[in-house]
Each structure stands twice: as structure tokens, then as C-alpha cells.
Amino acid sequence: MIALSLAEIATVVGGQTYDIPDPAVQVTGPVVRDSREVEPGSLFVAFVGERVDGHDYAADVVAAGAVAVLASRPVGVPAVVVDDVQAALGALARHVVERLGATLVALTGSVGKTSSKDLLAQVLQRKAPTVFTPGSFNNEIGLPLTALSATDETRYLILEMGARGIGHIRYLTGLTPPKIGLVLNVGTAHIGEFGGREQIAVAKGELVESLPADGAAILNADDPLVRAMASRTKARVLLFGESDDADVRAENVRLTENGQPAFTLHTPSGCSDVTLRLYGEHHVSNALAAAAVAHELGMSVDEIALALSEAGTLSRWRMEVTERPDGVTVVNDAYNANPESMRAALRALVAMGKGRRTWAVLGHMAELGDEGLAEHDAVGRLAVRLNVSKLVAVGGREASWLQLGAYNEGSWGEESVHVSDAQAAIDLLRNELRPGDVVLVKASRSVGLEKVATALLDDAAVSSEGQVSGR
């Protein structure tokens, strides 16, 4: 964070200082909510959770080097005490971004936010110091913490914004007002909470409504609900996609033998070829979104194409591809799932597995409401239509819908199976995997299917060690 005195912080957040010998002492380290992340000079934010109360760690974090605690009650060590810790954290973030000389870029969408953010960060880092949302730190707590990690040297601040309902993105943009707003798509993620795609579009469009007249709205030309948001902003509009009228578009899209997308990138300043290191054709749209923002910020098409071609995966459990020594390829995409990302991952699996046996180890997709049965059934049917070799549906009722959809689509019999949990899936795969197989693991985060991918990779490591020791 930019250096701020405790007295200044107290004024910004409307708090009172307690047990602070010198209010002029500055916070020079990161602002954190996890006591394990404290460094010398930190400000520790004490939240009260369902199981843990951050105030209980106050003495420990100060002993570890924290300058003070942002708290809702006195804690016996230096503290700035406020009525509402979350509101105070947001006010501090707003104060810091107003002092920064950085350009704020905010992005939202139903699917692809984190992948697009990671691509954009790697592109802009080539131009100037860039700070961006770690993982999916995209809510009312994670977003201000990300903003507060910017320093005086930061020139680009990329902020991922999630929403669980109407008004959430409006709140986030109030904390960190963006100059550039990027909307990726409107899908069915969280449709059970919103009540329909049109309502999701209302919520996502709050981002472009927040933009200033001298800002830019970067919109997906291929998504009608996103394209229509052009009427909701006073900012200049730049379209990306594969549509002929997109300002930044892809042509000659294809997949390499490894399932990695390649295309020709067209921008208003020219064209250049791109071959991504990521897997799956769905990343073309993510790359175009990043390219559109980079173009808006003055990067040349050749600079953008080179940066995209060299960019990798920054966030864990998102299409992480690892090949075991025995030739089994494990694709860990277990961080989260919704119908759009499930379809994209299955298509990527099939593209990667040409000539090889493919396994789709899938769990339930959360927060689909009344659409849940139909969406799980449709994913199971798609696995059959794409000729995935084996479907392993993991979990309870929703997993049974996946398996039933596959069975009814193609009468697969032994090619689709329903197992109770991650351990049952691990046991099945250990018995049946063959060298050369490709295994996709994907579900909503609550299912914990990353355990399957981890176990398969740990098995390979143990086997490899045994081979070495036996020589």
C-alpha cells in the first residue's frame, strides 16, 4: 500500500485510535485479513467470521510486525476502531485509488473473469507496473484488499468484479471507480440467485453505467445481452469478438494438435498471429477481451500478440494441464463450474484427446435454481455427443442427473458411471486409467474435486520415485 499514517487512516475511515503511542507511525506494508500474511509494516483487518474472530489474533499480528489493527472494538494493542470494518476497508480503498496515478480497469462476466484477468495482467505488465486481483478476490472484501496492494509505482490496477445480485457491482465500482470497464458475457452462473439471464445482464451492466464520459466500455460483440449494454454507458464503446463488426476480432480460429487455440488478431492498428499456451477454444474470447483493453491503452498489435502468445495460467485449478510420466494427462479445472464453462471444458478435453481415451470426471454445478436438472442433464448429453470416452459423475442428486443425461443420450452403459464422492472417483480411476488417457476434473468449488486431480498426480510422483529407487 502507499504509505499512510495511522492518524490519516483513522480520519479516512472515521475511526478512533486506541493504544497508539505515535499516530504519525505509517503503514508501509500490505493490508491483510489473514494473520499468516502479516509482514512488518502491515495493517491487519479484523473481521468476525462464522468460526474465527480476527480480533483474537490482534496481539499475535502486532508481535509479527503489524503496525496496527483495523477493528470493531479495542484489542489491547494499537488499533483504529470503527463501527463497520468492511465499510472502513472500502473507504480506505477509495482514498488510496483516488491518490494513485493508476488507470483502473474493472472486468465482470458470468464465465472467464479470472482467465481473462490473468491474460490482461500479463499483457499490461509488459507496458508498465500492474497490480491485479489474485485468484478470485472479486467481492466486497477481496476487491478493496487488492486495490490497497497498489503502490506509487502502479500504473494499471486490474480489478475483477463478481456479483451475487443486483447492486453488488454498483457497490464495488463505488469503492474503486474504473476508467475502463470490460464485460465478458452474460451466462447462467448464479442464475438461481438472479432469477434469469436478463437480471444477470442488469447486474453486470452496472459496470458500464459507472464509467466516466472519457472512459471506455469494452463489450463482447458476440453476446447480444452484452452488446446491448452500449446504450447504458456514456463512455466510448469498443467491441471485441469474432463478429465481423468487432473492433478487436479473431479470424482463422483453429486448435493446434495439443488443443491450444491459434488465430489472427485484428485491431484498428493492424493484425498479428497468436498461438495461446492455454487449452480450449473458449480462451479465444478471453484473449480478445484482454487485447481490446491493451489496444485501448496504447499497445501495438504486435506487442499484444506476443504477450498473449507467451502468457500462461496464473490462478490454480483452472485448466491446469499436467502430463504424468506414464503419459496420462490430468486437466485440473476444479476451481468452479457453470454450464458455459462445463461445455467449454468438455470441448477442450475432446480437442486435447484426439486419438486418446478421454475421461470427464464431473460434479455438480451450484446455484442454478430451477434450471439445475435441465442443465446437468444437458452436460451429460453433451459428453456423449462429443464422444468423450468415459463420464464419471461424482456426488449426489445433481451428479445422478449428469449420469442419467449421458445414459439417455447414448445408452452408454459402462461408459458412464455415478460414484458417491471424490475418493470413490479416485479408486475407480486408479483401477482403470491407462497410459495415454486424458482426464478432465471439473465441478463447483464446494465439491472439492481438486482432490481427484491431486491424488492422480501424487500417484505418479510416488511411482516415479519408486522407479528411481529401484534402479
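## Ground rules

Buried here means under 20% relative accessible area, with over 50% called exposed and anything in between partly exposed (1.4 Å probe, protein chains only). This is a predicted model, where local features need pLDDT of at least 70 and side-chain atom pairs count only at pLDDT 80 or more, while totals for chains, interfaces and linings use all residues. Residues are numbered from 1 along each chain as its sequence is written, and side-chain values use heavy atoms, with hydrogens and water left out.

## Strand E10, covered on both faces

Helices (H or I, at least four residues) and strands (E, at least two) are DSSP runs, numbered from the N terminus. Take strand E10, residues 156-160: five of its five residues are buried, so the rest of the structure largely encloses it. In a regular strand, side chains alternate between the two faces of the sheet. On one side of E10 sit Tyr156, Ile158 and Glu160, on the other Leu157 and Leu159, and all are buried.

## Its neighbours

Strands count as paired if DSSP finds at least two bridges between them. E8 (residues 103-108) runs parallel to E10 over five bridges, with Thr103 opposite Tyr156. E9 (residues 130-132) also pairs with E10 in the parallel sense, over three bridges, and here Phe132 stands opposite Ile158.

From E9 the chain passes through helix H5 (residues 142-148) to E10, a right-handed β-α-β crossover. Right-handed means that, with the strands pointing away from the viewer, the path from the first strand over the helix to the second runs clockwise.

## Charges over rings

A charge sits over a ring if NZ of Lys or CZ of Arg is within 6 Å of the ring centre and within 35 degrees of the ring normal. Arg33 has its charged end over the ring of Phe47, 5.0 Å from the centre. Arg318 lies over the face of Tyr335, 3.8 Å from the ring centre.
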